[in-house]
Amino acid sequence: MRNDIIYEQEGVYIHSSCGKTNDQDSLISGILRVLEKDAEVIVDWRPLDDALDSSSILYAGKDSSSVVEWTQAPKERAHRGSEHLNSYEAEWDMVNTVSFKKKPHTNGDAPSHRNGKSKWSFLFSLTDLKSVKQNKEGMGWSYLVFCLKDDVVLPALHFHQGDSKLLIDSLEKYVVLCESPQDKRTLLVNCQSKSLSQSFENLLDEPAYGLIQKIKKDPYTATMVGFSKVTNYIFDSLRGSDPSTHQRPPSEMADFLSDAIPGLKINQQEEPGFEVITRIDLGERPVVQRREPVSLEEWTKNIDSEGRILNVDNVKQMIFRGGLSHALRKQAWKFLLGYFPWDSTKEERTQLQKQKTDEYFRMKLQWKSVSEEQEKRNSRLRDYRSLIEKDVNRTDRTNKFYEGQDNPGLILLHDILMTYCMYDFDLGYVQGMSDLLSPLLYVMENEVDAFWCFASYMDQMHQNFEEQMQGMKTQLIQLSTLLRLLDSGFCSYLESQDSGYLYFCFRWLLIRFKREFSFLDILRLWEVMWTELPCKNFHLLLCCAILESEKQQIMEKHYGFNEILKHINELSMKIDVEGILCKAEAISLQMAKCKELPQAVCEILGLQDSEVTTPDSDTGEDENAGVTSCPASAFQSNSLPALAASGARADNPTQTPMSPNVSRLTPA
């Protein structure tokens, strides 16, 4: 294991008053080091005469009043019995780093220790660092105080030989440090992120043990959070600095995920409708084309004098083929989401909006009128409010519509989500729902319209957020079925790397790719999916298209469990939305034309039979205006002999162009 010393400084003291009168310090001299161990950076301080012994490493205990007590770790923590090692707590404990344990600290008594100087030894992973506080200039020796992410404050380190600037410079090679707006002496860690939206900030601030407990207690929230930075957290911080966990085999990591998320532990053969997918020749993959977004002029042509939408199927085809120009979204999304009926007149829609406005504000008044005294006795409402406030403050904060303090957009997000708790109190608020609302409010620019569009969208997404997770479980099984039909060789490879459950697609499905594409791209993707063309569960074919695009790299580089999760996570904001839409539609047409499509696949895609007829209707519109052809699929790879069984032929790259029109495949 690599163990490079990045920084080393002697003459770094802890000023302790232990064993002395209150006004007299005992100076404990030590060595401060910053070490790089493989992918992890460790900050380590120990007295000069302290031997390296895991039993002398300290862990912080913190009670409910945030009083910190430093206690020597008992030797039995370093020498556990086999029974204890089987528990989750022991499995992921950070034996050789600062760990966290609640311990009462009564009557203000000072902590007592038996082991002299060694009691002050500590080390921690840089991933656990929250902030660094510096001394005032001109106030004696330079010193630093490290604060960890659970608000545990380590003893101040005084630099008697030189200042602390070199240490700060060393840390800045690995983390971003900036001054706190409240206190210029305090440097905050990772206070800005250039590559990720602030939606991701502070999502993983708990220590490793806390994440595991949250996964066991609340798998939705924890997996939503955990998978958003799996690269930096689950497979670095989670393992701590215990060398044994760095060697943990991928199969055990996979078992950890499947066991910790019991609702998602899938045994396909026990699922209703399970069907063994045999190798089938799917035939040639057709070429499909995208067009320019639907313009205001095109939309207006399809509205009669009373405001009814004409040729609804044709309008949906145009939207599916190219999306909408932004100026149209505020109108069209209300129809796509079912807020406005397609056959309603303008007058009927005006009356509907008036009725829905009254209904919305009645529900809003319900939670607005709850007094503080009432809320003290309503734990569910209190919990909903707390979680909403926390999530709203980190939702799309880099978007101008939501950036800055006291932004009215944030207030509307909060109020709509609180009102939704009144609308559906059984479900209430679950993390991830703010991600679904944010683009709707951005487009509608109206509180009431955004709420009812959100309520309609949640009707589609409701199962994703239910406690039993049946919706997520079903989708993962369906995705696995589709992927196995497309490429059994790739599925077999994923299974060999303990990735057959496709947990890495969890976030894609939970919030419909919201964190995988840029904000503007997600507007395009969602409106295309809302047309419900060309088949049921088109979002699963989008997953297949993305995985197909990454298959070659995953297999050629022999990615294992950790690398697959890392690679999929890092696709965020790098996926070409138009290319993926082309590929997913091509897959749907390829499957629809297959005459031997398994019954399970027909049911997933809503196909009555395995052949689709191309519509021959003359719309009078130039559907080919501004079209772009999608490149031939990279799926026809011959990297493994078994891939020929996927039905995408490597020996015949010729593809058959399809009509630019698209029809809704007939449901079963």
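**Questions on the predicted model**

Me: How many disulfides does the count come to?
Reply: A disulfide is a pair of cysteine sulfur atoms within 2.5 Å. The model is predicted, so local features need pLDDT of at least 70 and side-chain atom pairs count only at pLDDT 80 or more, while totals for chains, interfaces and linings use all residues. Residues are numbered from 1 along each chain as its sequence is written, and side-chain values use heavy atoms, with hydrogens and water left out. By the disulfide rule the count is zero.

Me: How far away is the nearest cysteine sulfur to that of Cys602?
Reply: Cys602 is in no disulfide, and the nearest cysteine sulfur belongs to Cys594. The distance between the two is 8.5 Å.

Me: Is Cys602 buried or exposed?
Reply: Buried means under 20% relative accessible area, exposed over 50% and partly exposed in between, with a 1.4 Å probe and protein chains only. The relative accessible area of Cys602 is 6%, so this residue is buried.

Me: How many helices and strands does the secondary structure come to?
Reply: Helices (H or I, at least four residues) and strands (E, at least two) are DSSP runs, numbered from the N terminus. The protein has 668 residues, of which 54% count as buried. Its secondary structure comes to 25 helices and 14 strands.

Me: Is Asp406 buried or exposed?
Reply: Most residues other than glycine have a negative phi. Asp406 has a positive phi, near 55°, and is found in the loop between helix 14 (379-392) and helix 15 (408-423). Its relative accessibility is 72%, so Asp406 counts as exposed.

Me: What is the relative accessible area of Phe513?
Reply: Phe513 is not a glycine, yet its phi is positive, at about 70°. The residue is found in the loop between helix 20 (506-510) and helix 21. Phe513 is buried, and its relative accessible area is 1%.

Me: Which residue in strand 12 stands opposite Ser131?
Reply: Strand 8 (residues 129-134) pairs with strand 12 (residues 186-189) in the antiparallel sense, over three bridges. Opposite Ser131 stands Leu188.

Me: How many aromatic pairs are there, and why is that of Tyr457 and Trp530 classed as edge-to-face?
Reply: Rings of Phe, Tyr and Trp (its six-membered ring) pair if their centres lie within 6.5 Å, and planes under 30 degrees apart count as stacked, over 60 as edge-to-face and the rest as tilted. By this rule there are 27 aromatic pairs. The rings of Tyr457 and Trp530 have centres 5.2 Å apart, and the pair is edge-to-face because their planes stand at 85°.

Me: Which lysine lies over the face of Trp452?
Reply: Ring pairs link Trp452 into a cluster with Tyr360, Phe361, Tyr420, Tyr423, Phe451 and Phe454. A charge sits over a ring if NZ of Lys or CZ of Arg is within 6 Å of the ring centre and within 35 degrees of the ring normal. At 4.1 Å from the ring centre of Trp452 lies Lys356.

Notes
Two strands pair if DSSP finds at least two bridges between them.
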